Amino acid sequence: GISSDLLRGYPLYLDVTICRIGNAFLVAGSYPLVMVPCRDESIFLVGFLTIRLFGIDITDPTTKRGNITYYVALITVLVTTYGVALAGLDMGTILNIVGSISTCNISFTIPSIFYWVYYKDDGLTFMRLLCIP
């Protein structure tokens with residue numbers, strides 16, 4: 001089996017240690033790339049709900065409300081991710097959860113979307129509804 005500690009799962013050789021250092025830089029560099037869409041979608045969700053429920057837009061970045069919403073979403077996402085990191089959860093469990101969610105999208109959803117886009121000129125046919133070429 002694979003160890004839950006990704007870096008300790010490899011032997012102690014020089015080339016593997018160089019790869020470990022590269023992996024650490026990869027994780028450090030990819031954190032902002034993952035958190036920006038998470039923050040933006042959190043702001044979108046809050047804005048969508050406030051418009052639907054109260055009829056006001058609190059996501060406009062040119063207003064004071066928009067700036068407050070931005071920073072609250074930013075701090076909430078950061079505190080949540082750091083809290084999960086500091087909780088000391090088993091990395092194997094986290095990878096199992098992420099893998100079970102993303103595998104469904106890669107296996108079922110994305111190919112269906114590609115099929116629908118590729119065969120859009122066929123119109124709305126029974127075979128296209130069943131995703132049969």
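I began with aspartate 40, which is partly exposed at a relative accessible area of 34%; I call a residue buried under 20%, exposed over 50% and partly exposed in between, using a 1.4 Å probe and protein chains only. The model is predicted, so I noted that local features need pLDDT of at least 70 and side-chain atom pairs count only at pLDDT 80 or more, while totals for chains, interfaces and linings use all residues. Residues are numbered from 1 along each chain as its sequence is written, and side-chain values use heavy atoms, with hydrogens and water left out.

**Entry 1: the salt bridge.** I looked up the partner of aspartate 40 and found arginine 39, the two side chains meeting in a salt bridge at 2.9 Å, N to O. The term requires a side-chain nitrogen of Lys or Arg within 4 Å of a carboxyl oxygen of Asp or Glu. The structure holds one salt bridge. Arginine 39 has a relative accessible area of 13% and is therefore buried.

**Entry 2: helix 1.** I took helices as DSSP runs of H or I with at least four residues, numbered from the N terminus. Helix 1 covers residues 14-54, and its 41 residues should span 60 Å at 1.5 Å a residue; the end C-alpha atoms are 60 Å apart, which agrees. The expected span is 1.5 Å times one less than the number of residues. I recorded a bend of about 30° at serine 30, with proline 32 following within four residues; the bend is the angle between axes fitted to the seven residues ending there and the seven starting there. Buried residues of helix 1 include Val16, Met35, Ile43 and Thr50. Glycine 55 follows helix 1 with a positive phi near 75°.

**Entry 3: the surface patch.** I noted a nonpolar surface patch formed by Phe44, Leu45, Phe48, Leu49, Leu53, Phe54 and Ile56, with about 740 Å² of accessible area together. Phenylalanine 54 lies in helix 1 and counts as exposed because its relative accessibility is 62%.

**Entry 4: helix 2.** Which residues of helix 2 are buried? I found Gly66, Thr69, Ala73 and Val77. These buried residues pack against helix 1, where contact means heavy atoms within 4.5 Å. In turn, helix 2 (64-86) is among what covers the buried residues of helix 1. The 23 residues of helix 2 should span 33 Å, and the end C-alpha atoms are 32 Å apart, which agrees. Just after helix 2, glycine 88 takes a positive phi of about 70°.

Note on methods. Helix = DSSP H or I, 4+ residues; strand = E, 2+ residues; numbered from the N terminus. Patch = residues over 30% accessible without salt bridge, like charges linked within 9 Å, V, L, I, M, F, W, Y side chains within 5 Å. Areas by Shrake-Rupley, 256 points an atom, 1.4 Å probe, with all protein chains shown as cover.
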